[in-house]
There are 2 protein chains.
Amino acid sequence: MTAPARPAGTVDVKHMKWWGWGVEGVGFRHEDKPAFAPFVEKAIGLDLRQAASTARPDFADLKVPDSRAPEKFVDALGEIVGDGNVVVDDMARVVHTYGKSLRDLVRVRAGEIARTPDVVVYPADEAEVRAVVDTAVDLDAVIIPFGGGSNIAGSLEPHADEDRVVVSLDLGRLRRVLDIDTDSGTARIQAGALGPDLEAQLNEAGWTLGHFPDSFTHSTLGGWVATRSSGMQSDKYGDIADIVRGLRVVRPGGVLVIRPVPSASTGPSVREMVVGSEGRLGVITEVTAQVHRLPEKRDIYAYFFKNLDHGLAAMREIAESDAAPSVTRISDANETGFSLATGKEAKGIAKAAQAGLMAFLKKRGWNLDEMCLSFIGFEGGAAHAKRQKAIVDRIVRRHHGLGVGKGPGALYDQKKFDTPYIRDFLLDRGAAGDVSETAAPWSKLRQVHAEAYRAAHDAFGRIGRRGWIMSHLSHSYHSGACLYFTFAFVFGDDPLGEYDTVKRAVQQAFIDAGGTLSHHHGVGLEHARWLEQDISPQGVTVLSGLLAAADPGGNFNPRKIVV
Amino acid sequence: MTAPARPAGTVDVKHMKWWGWGVEGVGFRHEDKPAFAPFVEKAIGLDLRQAASTARPDFADLKVPDSRAPEKFVDALGEIVGDGNVVVDDMARVVHTYGKSLRDLVRVRAGEIARTPDVVVYPADEAEVRAVVDTAVDLDAVIIPFGGGSNIAGSLEPHADEDRVVVSLDLGRLRRVLDIDTDSGTARIQAGALGPDLEAQLNEAGWTLGHFPDSFTHSTLGGWVATRSSGMQSDKYGDIADIVRGLRVVRPGGVLVIRPVPSASTGPSVREMVVGSEGRLGVITEVTAQVHRLPEKRDIYAYFFKNLDHGLAAMREIAESDAAPSVTRISDANETGFSLATGKEAKGIAKAAQAGLMAFLKKRGWNLDEMCLSFIGFEGGAAHAKRQKAIVDRIVRRHHGLGVGKGPGALYDQKKFDTPYIRDFLLDRGAAGDVSETAAPWSKLRQVHAEAYRAAHDAFGRIGRRGWIMSHLSHSYHSGACLYFTFAFVFGDDPLGEYDTVKRAVQQAFIDAGGTLSHHHGVGLEHARWLEQDISPQGVTVLSGLLAAADPGGNFNPRKIVV
């Protein structure tokens, strides 16, 4: 009954490597960062000089379940998209099974693959997506839309007990900027465009989307919309929910079309139902998004604060002020230590300057272990950027902060998409490094921070591991901000059990202290358990009702977000 | 079976007069505006010197249907809220039957009252709202939440064929600002607070919501949320959808609670489902809204543009620039003529200055019949406001506009809530004056404007009346703006038939030219016929599914927005 494997070679869509983040041949290395190994040893007791990197996992070792796609079905899909764009081989199905969460990588490296999609299909355009959707729904198959595969909330995997045929609908061939409305500052862009692809097309015409999440290099516009993504310059450009105006979503029997109006009073917002829908309302094929002319000026400045309290107070005051920075970010003391430890060795004048700065701060009475590094970005016309910086500088001074220029910011800007490689580097050496993020009102951020730390350390105690946690504030709003936590520890005997203990403790602390379950990573399977505590049982009732009514057959990425 | 009328006097909630806008004793007068009567005569052929004002309608002439509320039910409600806060008398039921649309006023003045609510209940707090809701749902009654009663989209009226008992749940007693979180810039406010009430409470503590819709004096926070309202300073403060962060919504069996986080990735946004829900998802009892410290500076400047093309181009460029004004508004030539005609007679120096200005513009080659008046507001610190104005002034100059100072803006600011009284003034004299508004991308505004004009004039021709239409742009966004149209004509034999012909023609023109059915008035019954054309049939399917699933018994304001 099941189809023979088809050659994958003809599909012109690149994927990340199956066992980790990014493409082969790119990885984090610490040899040129002399402070890194001592830092890691102190933080989690991992001696990088001793720790052997695990061998690169061998795909041949995996036991990949057979495809359950009937040959007739695969043939029907091939009729639609062309035979070369329907793939059932093991590699393609494994690549489309998981996202890139720590849990995903631990499982795929361990060969834990209970269920893969049965077939991966690469339509060329919306018409083909429609035909694929109709064909799949006719068969009562499950459709899981796939963008860049960077998801870390468990939004992509088929359920182990899914008896129906599972189709991974890869949008990778829908990657063109179709049109720029230069009067309206909007662009029609196909949903499968990866960050670098769409920025290149926009930049060429003098425009930018301004959306740069950490996953930028390997995530797509459609994926950003489906998970409520937020980029590092959200202070200026908004979250993806603000950026997306028009939408096209393929559903059984037709296309849901939201026209790109700037604002509308048309009842409960269907646009805001599609945003964050993680595939459950259909397949997003096209987005009309706000775009901006490339700014004349775009600088990120670094500041040091004496401690987190001073820094948070400054960020809050900046958000309340007349200033409009593009980036506001401050690392807590732990993350500041980490950042300084991941720098390349300073030499000559740079080394002397760094030493001089630290000596100066010490002399001012700073405890360098409490010091916090902040990045604040300014974009726009030169005069505008200068004025915003002047307002910010005044606020920083009031909170005893110290500006240290553009050097560290430029470095941060270059390196900002590399963090996931460090996670894989640790994983190669038997250690967990993972993230949890939330948003909360300004008045609750300090408590969210303290409670997340306490919860993580309690959890480290319970699993008997030496653990590390660090955090930064990013994405400021009028009424609050995002707090982003990274935690790490060396695995014991039960990697995923230990991971769950820590991750769940941190997430629960967010909710208990007044934060949300996620600011920009989505719900998927990973965060669904906190949804009722976050948006209330009645909120879940309303949301479940929407999803059940919109997809009565449960064909679209079923049981994600809410069961 | 039906209950005896109860005395209404004990209820401490003020309502607008039953036959028109606002409170008794306030109205528009033209005697001190010498240019007004000639303007009206030219525009719609109504001679105000001749036109007799209709007599004030007499409530005694109305044939009000009896209340169908069973006495036991009224008693049960009385147990919850206290007897004085349950009202079944004719006046209260008529006041709660309609909003204040032209259609509503024509009908109520003509005694066309097919169905009223059967009982009006005024709970004191959320606990009482919950008990009322549970009691009403137990009886399978219909619940229609009522705020200020200013709605003009037909969101309030019971259906003529509604066989169930209809409860008007008036939130008027829930009007307190409960708490201001000064760190987060948010305030917990009860949903029934009228604009002036909540601003007074906030102002006293040094804060403002910054939300000033035209209906401000007679509309409530809960009503704004339920209809996706937008205020005149939305450029700075955002639409109500941006302003509201947290929500409490009473539903059968529990309260839907959205926590006031600045942004969240929790799937399709339930917050954005409640916003615009017009009572269909439950009863909004409390809102946590963004509030801002009262600005140091708050000025509105007036500018003249040679014609609408120049003016619109300037507004677009301002939206794209680094400037952040609080108000951007430009009237087209017709509305500019109207504005100048509603001014009090200038005397002495003011008269000479006005005449001098017009002579100057003529000499510069302006055709005064094409001239457009614009208001642009600046708020914030003094230095900030000054800088924003400098950026705007440069743009205005590039588009040959002329600044004329703060005088007209201050006048506009004082008079901005009085427009509905002019509508009633015309209605008293047998003429229709009504509004339709939309939003569209910048690139489509000129076409929306032209098509709406063409459609209105076609419609005036079809009904055989001399008609008038005028428009302004307000509420600028990155990608577009709102266009707000006012039209007028003297009624012939079939007032509502004629009104429908014009109103529907204008609305259809919006949709056909790429605008939305409403930027900030809501859907109700009035705009529901365009919903499928606006958000697509699939969008309506998704929306209908949400509402049906959330309220399977159809107890909450049924058949509004979508059937």
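**Model and conventions.** I am working on a predicted model, in which local features need pLDDT of at least 70 and side-chain atom pairs count only at pLDDT 80 or more, while totals for chains, interfaces and linings use all residues. Residues are numbered from 1 along each chain as its sequence is written, chains are lettered from A and ligands numbered from 1 in the order in which they are written, and side-chain values use heavy atoms, with hydrogens and water left out.

**Interface.** I took contact as heavy atoms within 4.5 Å. On that basis 85 residues of chain B touch 85 residues of chain A. I noted that 100% of the interface residues of chain B are also interface residues in chain A, so the copies meet through the same surface. The two chains bury about 6300 Å² between them, 56% of it on carbon and sulfur atoms; buried area is the accessible area (1.4 Å probe) that two parts lose on being put together, summed over both.

**Pairs across the interface.** I counted six salt bridges between chain B and chain A, a salt bridge being a side-chain nitrogen of Lys or Arg within 4 Å of a carboxyl oxygen of Asp or Glu. One of them joins A:Arg259 to B:Asp534, with the closest N and O atoms 4.0 Å apart. Helix H19 (residues 531-550) of chain B gives the largest share of the side of chain B that touches chain A, 15 residues. Helices here are DSSP runs (H or I, at least four residues), and strands are too (E, at least two), numbered from the N terminus.

**Within chain A.** I found 73 salt bridges over all chains in a search of the whole structure. I looked at A:Arg454 and A:Glu451, whose side chains meet in a salt bridge at 3.1 Å, N to O. Because they sit three residues apart in helix H17 (residues 445-463) of chain A, about one helical turn separates A:Arg454 and A:Glu451.

**Record.** I checked UniProt, where an unreviewed entry lists residues 113-294 of chain A as "domain: FAD-binding PCMH-type"; positions are in the numbering used here, feature names are shortened, and annotations may be inferred rather than shown by experiment. That span, residues 113-294 of chain A, is 23% helix and 26% strand, and its end C-alpha atoms lie 44 Å apart.
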